[in-house]
Amino acid sequence: MTAGRPDTLSPDARRAVPAMGRLLELEAARILARRHGQAALRRTLETLLAEIRASLRDGASPLCEPSIILQEAGARLETAACAGMRGVINATGVVIHTNLGRAPLAPEAVHEMVQAAGYVSIEMALDSGARGSRQDHLEPLIRELTAAESALVVNNCASAVLLALAAIGEGAPVIVSRGELVEIGGGFRVPEIIAQGGCRLVEVGATNRTHIRDYERALADNPDARIILRTHPSNFRMTGFTSRPDLAALARLARSRGVLLIEDLGGGALVDLSSYGLADEPTVQESLAAGVDLVLFSADKLLGGPQAGIAAGQTKLIELMERHPLARAMRLDKLSLAALKATLELYRPPSDPLRAIPALRMLTEPEAVVRARAERLLTLLQAGPEPRGVQLDLVATQSFAGGGAMPMHPLPGAALRLSSRTLSGSTLARRLRLGEPSVVGRIVRDDVLLELRTVNEQELGALAVSIQQATAFSD
Ligand SMILES: *Cc1c(COP(=O)(O)O)cnc(C)c1O
């Protein structure tokens, strides 16, 4: 950088470098400013001009043509726009989209998160001034909602599984069905997590079918086994000639042989969504009622909260987890804690979680409501300038829950389809992603589909503006 160094440019060289004001007046700069904002353009140009002056001082002869400078600025801005994390409109139709941050938070959760950004009494009992536990803010609520004896909250479900195995397994054999040795994504593989937890994996059954007698034999062969681990297959499904034991039957077997049944449930639904066409997704309460000793689940999937992992079950198991040294390495931060508490409060009557929690609202919204929103978007667009070279129409589609939940159960959806004669679907989709606001859709047969199930009413106006910008120069 040039800071502090005397400007030793010759008057000639100084004159060769175009002035900021002159660059900003050019048409190419105006286009860049509309796309990336005046402030970002100015910052990029300042950096570029400083680099040019520095290389002139070093005796080099950089290109000082305004058009070339603006071209380079445009390339840098484009790269920066792709690289940074920005708010986006999720028009993919996938409600729990891991690449887009999973569940969007309810306004109540956002509010509490902002409050917690300052000093908070996270580990202090205000009446006595004595030290408290951060778990005290969440545990009673989780017990109330799930009927679990105790609960513990950590960073995510992956940590909850690892902590449970390390603290409870203590190196003993862990019995898992071959049909459940899945990779969930992001490198989270059941066999590897068991190894990381310091336990020994004992596989039972076959890939497609595992029976109670397989577990019985494994328990007889491994008298030191401590845990039967049941895992939710997440976004993997086997169909056809498959079976696995009923959860309650497995719980009875575990109890009769003095071993623990631990379930990695993943999704963590607290409400039964089967009447909304989302069958197949067990709730935490059902698992506990079936006799599972410890259930582990995510807070940012079907629960609709921030990233966190929850362990709910027997007190003695929760205590083992709490006391394990890994617990400290996995503890939940105050912002997520505040957001999770607020989200869990929305499950308590008189609040209706299906309305109050955005992910649940999107998952359960009737098709007609989604379609009506798609129609309003089309009306907004028809009232604006005519899109050039892009045809807009509404199509009936299928949306998905995402987050490993219910991959076989599409939700009826409605999408705006953008078909261009001149632009490929991927070019148009990229323009939308880099727009202001950024819009993420999906590409089907070289058209872009913008799904309305995952777009809320307040986003419609901004979405229309982004679509207009992306399609303004497409012929
Ligand atoms: C998603 C999932 C996990 C990981 O949960 P995170 O909260 O993302 O760590 C673990 N197990 C199952 C079955 C899952 O579906």
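Student: Which residues surround the ligand?

Tutor: A residue is taken to be near a molecule when one of its heavy atoms lies within 4 Å of it. In this predicted model, the ligand is surrounded by R102, N156, C157, A158, I184, F188, H232, S234, D264, G266, S298 and K301. Divided by kind, the residues of this shell are four nonpolar, five polar and three charged.

Student: Which helix and strand each supply at least two residues of that shell?

Tutor: Those elements are the helix α8, spanning 157-169, and the strand β7, spanning 260-266.

Student: What polar contacts does the ligand have, and how should I read them?

Tutor: A polar contact is a pair of N or O atoms within 3.5 Å. Here the side chain of R102 has an N or O atom 2.8 Å from an oxygen atom of the ligand, and a polar side-chain atom of K301 also lies 2.8 Å from a ligand oxygen. C157 takes part through its backbone, with an N or O atom 2.9 Å from an oxygen atom of the ligand. As for cover, the ligand on its own has 390 Å² of accessible area, and the protein covers 93% of it.

Student: In what order do the seven strands of the open sheet stand?

Tutor: Two strands are said to pair if at least two bridges are found between them. Seven strands here form an open sheet, in the order β3-β9-β8-β7-β6-β4-β5, and their pairing is mixed. The edge strands are β3 (150-154) and β5 (200-204), each of which pairs on one side only. On average, and with direction ignored, neighbouring strands of this sheet are turned by 20 degrees against each other.

Student: Do β4 and β6 make a parallel or an antiparallel pair, and what packs on this sheet?

Tutor: Strand β4, residues 173-177, pairs with strand β6, residues 227-231, in the parallel sense over two bridges, and V174 stands opposite I227 in β6. Helix α11, residues 247-256, lies across β6 and β7, and runs at about 150 degrees to β7. Helix α13, residues 315-323, packs on the sheet as well, touching β3, β7, β8 (294-298) and β9 (309-313), while its direction makes about 30 degrees with that of β3.

Student: Why is one side of β2 and of β13 left without a neighbour in the sheet?

Tutor: These strands belong to an open sheet of five strands with mixed pairing, whose order is β2-β10-β11-β14-β13. Because β2 (94-96) and β13 (442-444) stand at its edges with a single partner strand each, one side of each has no neighbour in the sheet. The twist in this sheet averages 40 degrees from one strand to the next.

Student: How many bridges join β11 to β14, and which helix lies across these strands?

Tutor: Strand β11, residues 411-420, and strand β14, residues 447-451, run antiparallel and are joined by four bridges; within β14, E451 is the residue that stands opposite A415. The helix is α19, residues 425-433, which lies across β11, β13 and β14 and runs at about 40 degrees to β14.

Student: Where are the cis peptide bonds, and which residue other than glycine has a positive phi?

Tutor: The bond from P349 to P350 is cis, with omega near 5 degrees, and P350 lies in the loop between α15 (334-345) and α16 (353-356). The bond from E436 to P437 is cis too, with omega near 0 degrees, and P437 is placed in the loop between α19 and β12 (438-440). For the positive phi, look at E170, where the value is near 45 degrees; E170 is found in the loop between α8 and β4.

Notes: Residues numbered from 1 in each chain as written. Predicted model: local features only at pLDDT ≥ 70, side-chain atom pairs only at ≥ 80, totals over all residues. Heavy atoms only, no water. Polar contact = N/O pair within 3.5 Å; in protein donor to acceptor, adjacent residues only side chain to side chain. Areas by Shrake-Rupley, 256 points an atom, 1.4 Å probe, with all protein chains shown as cover. Nonpolar A, V, L, I, M, F, W, Y, C, P; charged D, E, K, R; others polar. Axes fitted to C-alpha atoms, helices over the stretch in contact; angles between N-to-C directions. Contact = heavy atoms within 4.5 Å.
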